[in-house]
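Me: Hi! Could you walk me through this protein? Please start with the terms, then go on to the details.

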Amino acid sequence: QLLNKSEIVRPGFVRVCFHYAMTRQERESILRAIEFVAEYGWCFMPLYTFKIESGEWVHRRLAARGRPDRRWLGRISYQSGSMVYPKSEGGDGEGDAKSTLPREGSAPMMEELLAEAHRVVESLKEK
């Protein structure tokens, strides 16, 4: 598969860096999230479709609506003192609200999100 340039099965690598100002709780939350993806990431595959022409995995609900916009990390701003992701252009409003994450004390939110991810995996196992 790798020799025929099939993007669906290519191996991937990632580097994880921790900012010196991160708390121990924040670092541990990130490590738990990485462990979660390593153990349960495959459970989410049925929720996505693979676009052969671009090599992208797209959530089936978004693919069914033909939603063309992509989200880019370069659009994130910290000018207000918090992380702000602007409303996407041409979106339908779902998931497009201005989102912010607190600069300080994000570990409890990260733990809440990880708990939600575990609930999603359990609901997928029931199907």
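Reply: Happy to! Buried means under 20% relative accessible area, exposed means over 50%, and partly exposed is in between (1.4 Å probe, protein chains only). This is a predicted model, in which local features need pLDDT of at least 70 and side-chain atom pairs count only at pLDDT 80 or more, while totals for chains, interfaces and linings use all residues. Residues are numbered from 1 along each chain as its sequence is written, and side-chain values use heavy atoms, with hydrogens and water left out.

Me: Thanks! Is Ser29 buried or exposed?

Reply: Ser29 counts as buried because its relative accessibility is 3%. Ser29 sits in helix α1, residues 24–40. Helices (H or I, at least four residues) and strands (E, at least two) are DSSP runs, numbered from the N terminus.

Me: And what does Ser29 touch?

Reply: Leaving out residues up to four places away in sequence, Ser29 touches Ala107, Met110 and Glu111; contact here means heavy atoms within 4.5 Å. The side chains of Ser29 and Glu111 also make a polar contact at 2.6 Å. That term means a pair of N or O atoms within 3.5 Å; within protein, one must be able to donate a hydrogen and the other to accept it, and residues adjacent in sequence count only if both atoms are side-chain atoms.

Me: Which residue forms a salt bridge with Glu111?

Reply: Arg32 does, with the closest N and O atoms 2.6 Å apart. The pair links distant parts of the chain, as Glu111 is in helix α3 (residues 107–126) and Arg32 is in helix α1, 79 residues apart. A salt bridge is a side-chain nitrogen of Lys or Arg within 4 Å of a carboxyl oxygen of Asp or Glu. Glu111 is partly exposed at 26% relative accessibility, and Arg32 is partly exposed at 33%.

Me: How many salt bridges does the structure hold?

Reply: It holds 4. Among them is Arg119 with Glu116, whose closest N and O atoms are 2.9 Å apart. Those two are 3 residues apart in helix α3, so about one helical turn separates them.

Me: What is the order of elements from the N terminus on?

Reply: They run α-β-β-α-β-β-α, with 3 helices and 4 strands in the protein.
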